[in-house]
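Please look over the sequence and the model below before reading on. The paragraphs that follow lead from the backbone to a helix and then to a metal site.

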Amino acid sequence: MPTRLWRAALDMGLRKKVAIVFIGMLTLAALNLGLLHRMLQEFNGVAATATVAGKMRMLGQKLAYETLSVSSGLSDDYEALEHDLIDFEAAYLVLRSGGTAFNEVVHPLAADHDVALGAVWLAWRQYRNQIRSILTSVGQVSPSVVVEQQKTLATASAALLEQTDHLIQDLLGATQATQQDMLGRMYTLLVVNSLILIAAYLAMSAQIVTPLQRLARYCRELAKGRYGQRIQHKPQDEIGQLTRALNESSAQIGELMSAIEHERKELYRTSAMFRGLARNAVTGVFVVDGDMRFRYVNSKLAQMFGYQPDEMASNLTVPDLLVEADLNGGRWQRSTGEDGQRSNGSATSHYETRARHRDGSFLDLEIFASRMVLDGAPAIIGIALNVTERKKAEASIRRAALVYANTSEAVVVTDPNGIVVDINPAFTAITGYAAQEVIGQPISLLSSGRQDAAFYQAMWRSLLETGKWSGDIWNRRKDGTEYAERLTIDTSYNEDGTVNCRIGVFSDVTAERLKEETVWHQANFDHLTALPNRQMFHDELQRAMEQADKADHSLALIYLDLDLFKEVNDSLGHDMGDELLKQVAKRLQQAIRGDDLVARLGGDEFVLILNHVKDLKHVEEVCHRVLKAVAEPYMLRHNVATVSASLGVTQYPHDGSNVVELLQNADLAMYSAKDAGRNQYRHFSPLMQQEAQERRELLRHLMRAVEHEEFELYFQPIVELSTRKISKAEALIRWHHPERGLVSPADFIPLAEDSGLIVPIGDWVFRQAAVQAAKWRRYLGRDFQISVNVSPEQFMSEELEPASWLAYVNSLGMSGAAVVVEITERVLMKVEDDVKRKLLSFRDAGVQVALDDFGTGYSSLAYLKRFDIDFIKIDQLFVRNITTDADDLALCQAMIAMAHRLGLKVVAEGVSDETQHALLAQAGCDYAQGFLYSRPVPVAAFEQLMEQGLSAASQHSVTLN
Ligand code: C2E
Ligand code: MG
Ligand code: MG
């Protein structure tokens, strides 16, 4: 029962609960008020009693005073006295039984005070009696009696005072007790109040605040999406109802959310599948609505047509893309037509169609389309495959079959083991084997045996690794003849990766290969000597260097240049020159070992590669052998010729690290051998590079010298032997080098000849000499001539033009006879027409020609006859020794006699003493030149020479030269 009540109380509505609490509070406040009121009343009653007792005390005293006044005759106010007596007694009665006295409402005193009260009454009665006796005896008794009476009165008054004081004390004690009691009761009330308030608070808190807080927490959890939680609140009040509603809502929302989540996942999965499908790189995916507008296209489809997906979806319709023939009445309409639009079924269609790419080209498409409903309207979803390539491939397969049968290229199909499965007609045409003869046979049937096992191993390795091989191969036809085929092998695989078959396609390239070999031979071999040429030499040297690196040995390179080969060529003709080169090549080949190499670099330059060089001795032996072999006489048809060779030796890796460097250094060494007098070999040394560098520097300076005209002409007199009269002068160039001082022509003329600078230098010399000739002819008469040296390189240069020189000479007022051109035999050995023409031009213009350094070259009489030579100049080599060497004297005499017989004059060079002069004069020599008469001297000295005579100048010239 109480539980049920309790439950009913709990189930009460919040408003009721709050009202109950409110009413409870109000009641509590009222009770408190009543209680306090009562306590105050109680306290007031006690206080009033004390006040009345206090007043009675004072009244007793007052009565004594009044009685004394009356008895003393000081007052006769009996009435007031009587009044006070009544008041005292009335007050006493009020104290005893309750009532109002002195305006104070007094409750009857408790029995505790009865003794004090009785004592007061007794004292009062005596006191009253005393007063009355006094009053009645006023005026009737003697003063002493009066005094006695008064004393008795005082005693009675004191006794009354004492008793009233007792009573007051008693009452005060009672008041204090009442106060204590009230204080106690007030504390109790406070405690009770507090307990009630706490209980009310706890009840409120338990019933309202805590559930509300829990609810608030719960709502926050819900807001966070935690719908699985529940809240407990049993009472059926509003919070209970709210709790239940929230629990239900949360359960429903939870279910809803999980349903949504589930649907969302489903949707995500579906859209991911669709996206995955749409993002594929092969298939175009589209959705088209009833108006044939694209609602969706994937990038592949857009890419197929050359558009961006957005662009295609927003701007294009199906008719824009499909070729009309297909669209009108075509398959698209049939598949998406009326039926499709009305039906919601999932009818699908599959067909091929043609469409137009953005660039105007056509695509072949294979389309799979299904009807669907999109946004409540019929639509088509489909995929499109670009089958253009497949179509082409099909066409190409058809064509390939045709080609296979009709091509001129042989096709052979083998199984993985190389057994022939099929061939085409061209195979038969090339190999001679008919289909029935080869099908079932191994393809090695065609093998010629020309390729070694390593070749076939490499081919199989390639086939196994890549499935492909291509290259040229020599095979054998049915008739046994070999042929070259250019073969490409490809492999067709099964789906599991195993080989299905191999297809070989080849053409007959026999003719081409033979031609290539010839071309290769031509490109790598010298056609004249059949030796490897420069190209092959480079490759071979490179290879030899690599091998040397691997084997850690060295190799030697010998650069060989024939000495004076030009002369053979010039004198005996090119055919003989070629023949000589062929014989040289043979001799060189015989002079080396089998694994060494001889190559011809061109002209008369050869190069030898000596492999596996262990020591220098071996290289030197080869050099000696080569020099000896080359120097042997050559039979050239009816002539016997001799040449020598200059060799330059370099070693790898000692002298150079690459082909170019090695060759350059060998070349330098060869030049050094030539400089040293030919027919010998020289090892390369870094010094040679320095010399070459110096040569290059000198060349630079020489170029500058030409530009700045740093040259000066010296003149050496040529005297008539018989009279010692100066009849000619030879112009000899000098170079005033800014740093080196005077440079002799022997030091720079060869360089000028090599570099071609001799042409401008020679031209300058000629013009300077002509100017001097014009000047000096005035002193020395019209016969005076100046000899000018013309190098072969200069003479043969296109820039030397006799006509221009003659014009210049004429412009100076002279004829051609004023100059003599000194050439050497090297010029005459040139059989070129141009040389002849120039010599004839000089002759026609009266310019005389002297053959310089006669006796050192070929000294061929034939030349002297053939070209109109005017002088020979016997080289100082012969003149130098005529006083001591009878042979040289005899030679000079013979040369003079021979020249005279041919109608030529003779100049002897290098005459340095009187004996030589005398011997030459005896031999009938016409002119002489040499230090005996004068050294070459500058213009001023030469003029002095002409004025003062030879002897004076001769001394002077010593210092000048
Ligand atoms: P070359 O034409 O045979 O000139 C004669 C050389 O013999 C001159 O040497 C001359 O000084 C020297 N000589 C003359 N008499 C004597 C002698 O008694 N004893 C000795 N030991 N030598 C004597 P140079 O002037 O040094 O000229 C050397 C060569 O340079 C010339 O030989 C010539 O071939 C060439 N040369 C000089 N000037 C020119 C030039 O303007 N053009 C060309 N192309 N070559 C020149
Ligand atoms: Mg000369
Ligand atoms: Mg000379």
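This is a predicted model: local features need pLDDT of at least 70, side-chain atom pairs count only at pLDDT 80 or more; totals for chains, interfaces and linings use all residues.

Most peptide bonds are trans, and most residues other than glycine have a negative phi. Asp-552 is not a glycine, yet it has a positive phi of about 60 degrees; it is found in the loop between helix H18 (534–551) and strand S13 (554–563), where it is exposed, with a relative accessible area of 70%. His-612 also has a positive phi, near 50 degrees, but its place is in strand S15 (residues 605–613), and at 37% relative accessibility it counts as partly exposed.

Helix H4 (residues 114–136) has 23 residues and reaches 32 Å from its first C-alpha to its last, close to the expected 33 Å. Its buried residues, among them Val-120, Trp-124, Tyr-127 and Ile-131, pack against helix H2 (14–71), helix H3 (78–97) and helix H5 (143–223).

Asp-853 lies in strand S25 (residues 848–854) and Glu-909 in the loop between strand S27 (905–908) and helix H33 (914–922), so the pair ties together parts that are 56 residues apart in sequence. Asp-853 counts as partly exposed at 29% relative accessibility, whereas Glu-909, at 9%, counts as buried. The magnesium ion (ligand 2) is 4.0 Å from the magnesium ion (ligand 3), and Asp-852 coordinates both.

Conventions: Residues are numbered from 1 along each chain as its sequence is written. Chains are lettered from A and ligands numbered from 1 in the order in which they are written. Side-chain values use heavy atoms; hydrogens and water are left out. Helices (H or I, at least four residues) and strands (E, at least two) are DSSP runs, numbered from the N terminus. The expected span of a helix is 1.5 Å times one less than its number of residues. Buried means under 20% relative accessible area, exposed over 50%, partly exposed in between (1.4 Å probe, protein chains only). Contact means heavy atoms within 4.5 Å. Donors are N, O and S atoms within 2.8 Å of the metal (3.2 Å for Na, K and Ca); water is not among the atoms, so sites may look incomplete.
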